[in-house]
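Here is a friendly walk through a set of chains and the places where they meet.

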Amino acid sequence: MADAKFKIGDRVKVRKAYPLGHIRTPYYIRGLSGTIERICGAFPNPEELAQMRDGLPPVPLYRVRFLQKDVWPDYSGAANDTIDIEIFQHWLDAA
Amino acid sequence: MSEPGKYQPYSYFQLMEISLRELLVEKGMLTEDAIRAEVQAMRGRTPERGAKVVARAWVDPAFKKSLLENGTKAVEDFGLEIPGLKLVVVENTADVHNVIVCTLCSCYPRMLLGIPPDWYKSRNYRSRMVREPRAVLGEFGLSLDDKTTIRVHDSTADMRYIVLPRRPAGTEGWSEEKLASIVSRDCMIGVAVPAVSPNTR
Amino acid sequence: MGGLPAGRVERTEHDYAEWERRVDAMAVLLMGHKITVDERRRHIEQIPPADYDRLSYYEKWIVSLGQALIQRGVITSDELGRKIEEVRGRG
């Protein structure tokens, strides 16, 4: 994919932003850092599709892996437990 | 919801369903036949389809490899129609247990497994599975020690997930059909693991 | 919604009613008319919180489909209102 900014293994940080409209980046992950686990492909932007626009050009979508203990201050499971979330490129900065 | 034999008038939402359907047909956007056909097709999509995929992956290492690389292509090549489904298959191992949730709504690999159960769509499952997976799995009767890493997958965008559970001991030499019979929907969501019960001996 | 405090997961399941299956079928078929799952979800998210909790899954879906069709001008509120009363009157 020509315009994929990140590759597998890169550390990325999810932007902190709280816009209106339909957003597919969960609140609980905004501002946190993880690692690119997989490049899923490029897809029309769901924020735009939700508003009856075509969402093009397609936006690269990544699976980003986070350690649960980095996400939840009171996480009581194993240190290696992870959560994988699909996040669109425009929500990610290099960490 | 209603006592047998007792007349229940349509709810406001049932009236809305009828009304929207009739308006859409009147305007030529949909036909009753197409709606009926889709309902039938949906009835045919059951977790047994996913179970067949799992059973095949258990007996055929090349299929398993291609399934983990590109779930959609592998399942289509296997002969199952899954229009529009972008499938990612995540594998349970001796050290890793996977579980699927959609915190934002109720994304689920419907084309492969059918309609998700009520609890998967519930506020409680969606809120807690990301934050305290071990506790929620415990409520489902699945207890995993700290040596097992739990990976929660929140399907927030276009991909849909199933878990490829581990093949249990005691199933050596089983046919694919028999293997598929112990793979429940809950195993493919990740809230259960396949078990060899006395009945399946 | 992820991470908010919540109670035990009630492992309820129900066999879906025909009208619910039809809602699902219509949602699938309307994707061919460009009503995306994202658009439907936006309409569901716009349901007021009290109703969101009160309405069942498919009740929310039918509301979301109705809102999408009105916003797109496929139907008008007036048409929908009149049709609902006409269907109700059939008894």
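## Where chains B and C meet

Let us begin with the contact between chains B and C, to which chain B gives 38 residues and chain C gives 39 residues. Keep in mind throughout that this is a predicted model. On the chain B side, at least two residues come from each of α1 (12-26), α2 (32-44), α7 (118-121), α8 (123-131) and α9 (133-139). Helix α1(B) supplies the largest share of that side, with 11 residues.

## Where chains A and B meet

Chains A and B also touch, with 18 residues of chain A in contact with 18 residues of chain B. Strands β2 (33-43) and β4 (82-88) of chain A each bring at least two residues to the side of chain A that touches chain B. The largest share of this side, 6 residues, belongs to β4(A). By class, the chain A side holds 11 nonpolar, 4 charged and 3 polar residues.

Now for the interior. In soluble globular proteins, nonpolar side chains tend to be buried together. In this model the largest nonpolar core has 62 residues, and the ones with the most contacts inside it are I87(A), V54(B), V99(B), V101(B), V163(B), V183(B) and M188(B). Helix α3 of chain B, residues 47-59, gives the most to this core, with 6 residues. Another core, of 21 residues, lies apart from it and includes F13(B), V23(C), A25(C) and I35(C).

Leaving out residues up to four places away in sequence, V183(B) touches A51(B), V54(B), A55(B), P165(B), M188(B) and P194(B).

## Helix α3 of chain B

Is α3(B) largely enclosed or largely open? It is largely enclosed by the rest of the structure, because 10 of its 13 residues are buried. Those buried residues are P47(B), R49(B), G50(B), A51(B), K52(B), V53(B), V54(B), A55(B), A57(B) and W58(B). They pack against α4 (61-69), α5 (71-78), α6 (110-113), β4 (159-164), α10 (176-181) and α11 (185-189) of chain B.

## The domains of chain B

Chain B is divided into domain 1 (12-43) and domain 2 (46-200). Taken over C-alpha atoms, the centres of these two domains of chain B are separated by 32 Å.

## Chain A

Chain A has 2 helices and 5 strands, and along the sequence they follow the pattern β-β-α-β-α-β-β. The C-alpha atoms of chain A fill a box of roughly 40 × 30 × 20 Å along the principal axes. A compact globule of 95 residues would have a radius of gyration near 12 Å, and the 14 Å of chain A agrees with this. Of those 95 residues, 36% count as buried. Among contacts in chain A between residues at least 6 apart in sequence, 58% join residues at least 24 apart.

The loop between α1 (46-49) and β3 (59-67) of chain A deserves a visit, and P57(A) is found there. The peptide bond from L56(A) to P57(A) is cis, with omega near 0°. M52(A) sits in the loop between α1 and β3 of chain A as well, and this non-glycine residue has a positive phi near 65°. M52(A) counts as partly exposed because it has 16 C-beta neighbours inside 10 Å.

## Chain C

The C-alpha trace of chain C spans about 40 × 30 × 25 Å along its principal axes. Its radius of gyration is 15 Å, whereas a compact globule of 91 residues would have one near 12 Å. Buried residues account for 31% of the 91 residues in chain C.

K34(C) lies in the loop between α1 (18-30) and α2 (37-45) of chain C, and its phi is near 70°, a positive value in a residue other than glycine. Why does K34(C) count as exposed? The reason is that K34(C) has 11 C-beta neighbours inside 10 Å, and a residue is exposed if 12 or fewer lie within that distance.

Technical notes
Residues are numbered from 1 along each chain as its sequence is written. Chains are lettered from A and ligands numbered from 1 in the order in which they are written. This is a predicted model: local features need pLDDT of at least 70, side-chain atom pairs count only at pLDDT 80 or more; totals for chains, interfaces and linings use all residues. The radius of gyration is taken over C-alpha atoms; the globule rule is 2.2 Å times the number of residues to the power 0.38. A residue is buried if 20 or more other C-beta atoms lie within 10 Å of its own, exposed if 12 or fewer, and partly exposed in between; C-beta atoms are placed from the backbone. Helices (H or I, at least four residues) and strands (E, at least two) are DSSP runs, numbered from the N terminus. Domain bounds come from an automatic or database domain assignment. A nonpolar core is a set of buried Ala, Val, Leu, Ile, Met, Phe, Trp, Tyr and Cys residues joined through C-beta atoms within 7 Å. Two residues are in contact if their C-beta atoms, placed from the backbone, lie within 7 Å. Ala, Val, Leu, Ile, Met, Phe, Trp, Tyr, Cys and Pro count as nonpolar, Asp, Glu, Lys and Arg as charged, and the others, Gly among them, as polar.
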